[in-house]
Amino acid sequence: MKQEKILIVGACGQIGVELTLALRKQYSNNQVIASDIREEHELLKGTGPYLTINATDIKAVAETVQKEGITQIYLLAALLSATGEKMPMKAWDINMNSLLQILELGVEQKLHKIYWPSSIAVFGTTTPRQDTPQKTIVEPTTVYGISKYSGELWCQYYQKRWGLDVRSLRYPGLISWKSAPGGGTTDYAVEIYHEALKQQKYTSFLSENTYLPMMYMDDAIRGTIELMEAPIEQIKSRMAYNLSAMSFSPKEIAAAIQQHIPDFTISYAPDFRQQIADSWPQSIDDSAARNDWNWKHEFDLQKMTATMLENLSTHK
Ligand code: AKB
């Protein structure tokens, strides 16, 4: 089998930066080509090859696959839930067309593997909100959620019809200090740490008791690589796997921050994102991922809060 060569599409986003760095450690710098429509992220500079590629420009993606002998694609480019509600058609175009074109390319070019992220946004108001099971009622109410659920069905279709090895995870809200999120409903849980250190206060756009599933980025990156490296017979779901670590509300994350910064205060001014959050699960049952390929999270709210505050204070 030829040596793996990975193309990351959307490498400068919140997940992309850290995943690129982790994959470059796992493989080698030159085996992992990062690409994005944006300028190269500061943290990627000097760590390996970088190309400017628009995720929906399939000609550019296909040329790169052929020229570089790509065997795996991680397609991370997407508009998230809050931005998606402001630009529904653009979100659908970016989220769906990039995926469908890359799935086709995967079959044509006999790619070994494709990774594509899904989200807890696939679930809607009719889904059980506590310990949401892997298989349950799925009626997303946002454009982002609709695109993620449709995408999961397409991934499953390409695997069953063409044997394409596409793998996927339903990420909860992701919290990281290296690269910023953008346009998500769970972004408050990143902003709050920055503001706690800068101004000792934060106004949350979600109400105090809004519980959502969340995860520290190190866990998400390790989970993604573990899923992608797992032997094929362990991948029993070709819809995206539920993935879970913790669940908390704005009030609880504020209390965790106050243990480090006693003067920190939080206030609440819910906006249109509240309705999105209210349509999502409060906690997730990820036993399928734990049983099939041994997923296990490491960070809880306390450990994540200590790590976030320490890293944000030292890397200003
Ligand atoms: C968002 O808030 O839109 C994302 C997600 C949960 O997929 N972080």
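Helices (H or I, at least four residues) and strands (E, at least two) are DSSP runs, numbered from the N terminus. The model is predicted: local features need pLDDT of at least 70, side-chain atom pairs count only at pLDDT 80 or more, and totals for chains, interfaces and linings use all residues. Residues are numbered from 1 along each chain as its sequence is written, and side-chain values use heavy atoms, with hydrogens and water left out.

**Exercise 1. Describe the surroundings of S150.**

Task: Decide whether S150 is buried or exposed, and name its contacts beyond four places in sequence.

Solution: 
- Step 1. Locate S150: it lies in helix α5 (residues 143–162).
- Step 2. Its relative accessible area is 18%, so S150 is buried.
- Step 3. Contact means heavy atoms within 4.5 Å. With neighbours within four places in sequence left aside, S150 is in contact with W92 and M96.
- Step 4. Look at the side chain of S150. It reaches the backbone oxygen of I146 at 2.7 Å.

**Exercise 2. Trace the partners of R238.**

Task: Which residues does the side chain of R238 reach through polar contacts?

Solution: 
- Step 1. R238 lies in the loop between α7 and β12. With a relative accessible area of 7%, R238 is buried.
- Step 2. Residues up to four places away in sequence are not counted. R238 then touches E152, C155, Q156, Q159, D165, V166, R167 and I232.
- Step 3. A polar contact is a pair of N or O atoms within 3.5 Å; within protein, one must be able to donate a hydrogen and the other to accept it, and residues adjacent in sequence count only if both atoms are side-chain atoms.
- Step 4. The side chain of R238 makes such a contact with the side chain of D165 (2.8 Å). The R238 side chain also reaches the backbone oxygen of V166, at 2.9 Å.
- Step 5. R238 and R167 are 71 residues apart along the chain, but 6.7 Å separates their C-alpha atoms.

**Exercise 3. Examine the two domains.**

Task: How many salt bridges are counted between domain 1 and domain 2?

Solution: 
- Step 1. Domain bounds come from an automatic or database domain assignment. Domain 1 is 6–172 + 216–242, and domain 2 is 175–214 + 246–314. The contact takes 42 residues from domain 1 and 41 residues from domain 2.
- Step 2. The C-alpha centres of the two domains lie 23 Å apart.
- Step 3. A salt bridge is a side-chain nitrogen of Lys or Arg within 4 Å of a carboxyl oxygen of Asp or Glu. The count between the domains is one.
- Step 4. Residue pairs in polar contact between the domains number 22 (both at pLDDT 80 or more).
- Step 5. On the side of domain 1 that touches domain 2, α7 gives the largest share, seven residues.

Note on methods: Buried means under 20% relative accessible area, exposed over 50%, partly exposed in between (1.4 Å probe, protein chains only).
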